Every structure is written in C-alpha cells, then in structure tokens.
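Have a go at each task before you read the solution under it.

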Amino acid sequence: MANVTRFKASPPPPPARRRGRLRIFMPTLGLLLVMGGVAVVWTVLSWRAGQEMDAWLQREADLGRTWSCPDRSIAGFPFRIEVTCTDATFTGTAQGQAVTGKVAKVHTVAQIYNPGHVIVEVESPLVVEAAGGDRIELDWQLGRASILGKPGAGLDRFSAELTEPRLTLTTSRTGAITVNAGLADFHIRRTPNRPAEDGAYDVASRITRATIPPLDSLIGSTSPTAADIVATITKAEPLAGRGLPTELERWRVAGGRMQVTSAMLSHGARRLDASGNVGLDDAHRPQGRLDVTVSGLDDLLARFGLSGRSSAIGGLIAGVLGGRPGGAQAADAPAEGAPPGPKGVVLPLRMDGGRVFLGPLPVATLLPLY
C-alpha cells in the first residue's frame, strides 16, 4: 500500500480587524479641540480687552477727562484681538477752561499669542475746542503707534508716528495759524543694561520738513524747519495716565533727571544744537545746564547790517559769555568745492533759581511748569 502523506489543513486566517471609528475621526476631533481652545482663549482675551478699555475710561474720568465711544466693536477671531472705536469724543478742562474734543476712529490690534504688544491706528481729524472759542484741529495722512508692555513702570517700548501732520490753531487774538510737517514721531524704550529701580528710558523724537509761518516771518525765510532730540530720562513711568502735573511732581520728588544727549533745531542753514542735564527745582521750574551751539546766522545778521562780521561777533559773544568757538554746524554738508559752512559758537545756558543765565548774564525768567 502506497504511503500517503496526510497534510493537516491550515486554519483559516483571522478576519481583518476593522479600524475603529474613533481613529478615523481623531484628526477632526483634534482640530475641533484646537479650535475650541482658540475660541476660549480669544473669548477671554477679548473680554479682558473690553475690561481694560473700561478701566482706562474710568481712570480718565477720575482725572477729569470723560471719554465716550458710542460705536465700539471687538473682532479679529481667531488669531487677533481688534477693538475699534468710531467717533470717539471727550470732555475735560485745560488751563481752567472746559474743552471738548473728538477723533474720527481708533483701531487697536493685538495678536492672541502676544497680547502685550498692541498696535494702534488713529484716523484724523482730531478736533479740540475750548469754551472760549479757541480751536485746535490736527489732520494727518497716517497715524499709528506701537505699545509693548503696560503703561507706567511696566512699559518696555512705545513708538508713535504721524505722516504729513497739519495743525491749525484758531484763537480770537491771532486768527488761524497753520503748521505743516512731513513727519513727526516719538519713540521711548527702557534703557538697556540699567537696573529697574533707575526707571531709565531712552527718548527720541523728530519733526521733518516743517513749515511754521510765525518763525518764517521772524527770520525772514521760508526754509523748512527740522527738530530732533535724543535723551535719557530717569525715574520715569511713561504713559501712566496720571495727568501731566501729577506725573511731573512724582518725577521731581523721585529725583528724576533728563540727560539730553543731543537736541537740534534747524531752519535752512541756521541751526541750534544743545546737550546737557535738566530737572525740576522745588518751585517746579526747570533747573540744569545746557551747552548750546549757534551756527549759520550770517544772513540773519545781514538783516541788521552786520554782514561779514559773524566770526568776530561770535568770538566776542563767546569771550563775554564764557563760551567757546565750535566747529562747522551747517545743516547739510557743503557741496564739493564750496566754501566751508559757518562756524558755531558754544554758549553755556544755565537754569537756576527761576532764571535763565547765558554765561554770567541773566536773560529770562522761568515760570513754574505746573
């Protein structure tokens, strides 16, 4: 009998396991959870933004400045917090007079991942009117600001900029006076590598291509005006919102000082430069010293019949007032082959005891700032 090899039948393979429905929907559920978390965060931050605005409005009201935002909206979901206020108005007092004002629109934006950094855009015009009939109107092409940190001792950086600003001041005595500029900006930051207790902040500001009719009439020229300042202020609490008199008094009592690294005012080739240290005395008047460099006055002296004598006059002034000759300070570098610009005279300007001294000579009286 033939040998027959018997093979044992293999068991059938197990049925394929079905993928669970939960696994199929996991990506969708994860996305829903993320969006839900974002929605919760956005809701909380938008609520806090509304609360912060209400608290600021209350602080302003406590200081006598009442703001109204009749059309306020909060938007920007999911990644931004945007607060828009249209036709904002305010009432208050200035120099004992009731004033009212309004601005077209204020729009603030903050990212939900960095709510401490706020971008502000303001649409012109800003109009301020006093009960006596005086009026200030400020227009601009683009107005924006950037705030990093909290106003007061917690502020890290603040920048503001107005492009093509146009300021019109109307009073019963002078009529309407309009001042234009190409750019006006202001920057402040916490001074690097200084201890927090110093309260030190670096400040920089400039105005370019300004047209100031009263100054043009005084000098007899329509050249554009520019101004620039770089300084460090100690014991500062920027944008604390206490009101200027209250903040200045706090700063004075704390021993605050302003170290002016450089300050410049130019009108064509005429130029003033200054540096020094300034604070406030017990009577709330400026106190300190500035070294002021005056240059480019040849054409102005010519109006008084002193043409060609600026060097001699400058040397005489420097000798009498304790100043010294300075280097060339023309507003712009002279073209190649052109004669060198006029040399400046450095004059010591001292503020002490409510008086301004130019060298040893008293030249003006200082009034309290508040």
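This is a predicted model: local features need pLDDT of at least 70, side-chain atom pairs count only at pLDDT 80 or more; totals for chains, interfaces and linings use all residues.

**Exercise 1. Find out how strands β1 and β3 are joined, and in which direction they run.**

Step 1: β1 covers residues 66-68 and β3 covers residues 80-94. Helices (H or I, at least four residues) and strands (E, at least two) are DSSP runs, numbered from the N terminus.
Step 2: Three bridges join these two strands, and they run antiparallel. Two strands pair if DSSP finds at least two bridges between them.

Residues are numbered from 1 along each chain as its sequence is written, and side-chain values use heavy atoms, with hydrogens and water left out.

**Exercise 2. Follow β2 into β3 and describe the turn.**

Step 1: β2 is residues 71-75, and five bridges tie it to β3 in an antiparallel arrangement. Isoleucine 74, for instance, has valine 83 as its bridge partner in β3.
Step 2: The two strands make a hairpin with four residues between them. In that turn, glycine 76 has a positive phi of about 105°.
Step 3: Proline 78 also sits in the loop between β2 and β3. The peptide bond joining phenylalanine 77 to proline 78 is cis, with omega about 15°.
Step 4: Now pick out serine 73, which is in β2. Serine 73 counts as partly exposed because its relative accessibility is 37%; buried means under 20% relative accessible area, exposed over 50%, and partly exposed in between (1.4 Å probe, protein chains only).
Step 5: Leaving aside neighbours within four places in sequence, serine 73 is in contact (heavy atoms within 4.5 Å) with Glu82, Val83 and Thr84.
Step 6: Serine 73 and histidine 107 are 34 residues apart in sequence, and their C-alpha atoms are 9.7 Å apart in space.

**Exercise 3. Count the bridges between β3 and β4.**

Step 1: β4 spans residues 97-111.
Step 2: The count is 14 bridges, and the strands run antiparallel.
Step 3: As an example, alanine 88 has valine 103 as its bridge partner in β4.

**Exercise 4. Describe the second largest pocket and what lines it.**

Step 1: Start with the term. On a 1 Å grid over the protein atoms alone, a pocket is an open set of points where a 1.4 Å probe fits, with protein on both sides within 12 Å along at least five of seven lines; lining residues have an atom within 4 Å of a point.
Step 2: The second largest pocket holds about 600 Å³ of space. Here, grid points are joined across faces, edges and corners, and a volume is the space filled by probe spheres set on the points.
Step 3: The lining has 28 residues, and Ile233, Leu244, Glu247, Leu248 and Trp251 lie nearest the centre.
Step 4: Elements giving two or more residues to this lining include α3 (244-253), β14 (258-267) and β15 (270-280). The largest share, five residues, comes from α3.
Step 5: Sort the lining by type: 21 nonpolar, three polar and four charged. Ala, Val, Leu, Ile, Met, Phe, Trp, Tyr, Cys and Pro count as nonpolar, Asp, Glu, Lys and Arg as charged, and the others, Gly among them, as polar.

**Exercise 5. Decide whether histidine 267 is buried or exposed, and list what it touches.**

Step 1: Histidine 267 lies in strand β14.
Step 2: With 3% relative accessibility, histidine 267 is therefore buried.
Step 3: Its side chain reaches the backbone oxygen of serine 223 at 3.1 Å.
Step 4: Not counting residues up to four places away in sequence, histidine 267 touches Leu215, Asp216, Ile219, Ser221, Ser223, Pro224 and Thr225.

**Exercise 6. Look at the backbone of lysine 235 and leucine 239.**

Step 1: Most residues other than glycine have a negative phi.
Step 2: Lysine 235 has a positive phi, near 60°, and leucine 239 has a positive phi near 60° too.
Step 3: Lysine 235 is in the loop between β13 (225-233) and α3, and leucine 239 lies in the loop between β13 and α3 as well.
Step 4: Lysine 235 is partly exposed at 29%, and leucine 239 is partly exposed at 42%.

Key: A polar contact is a pair of N or O atoms within 3.5 Å; within protein, one must be able to donate a hydrogen and the other to accept it, and residues adjacent in sequence count only if both atoms are side-chain atoms.
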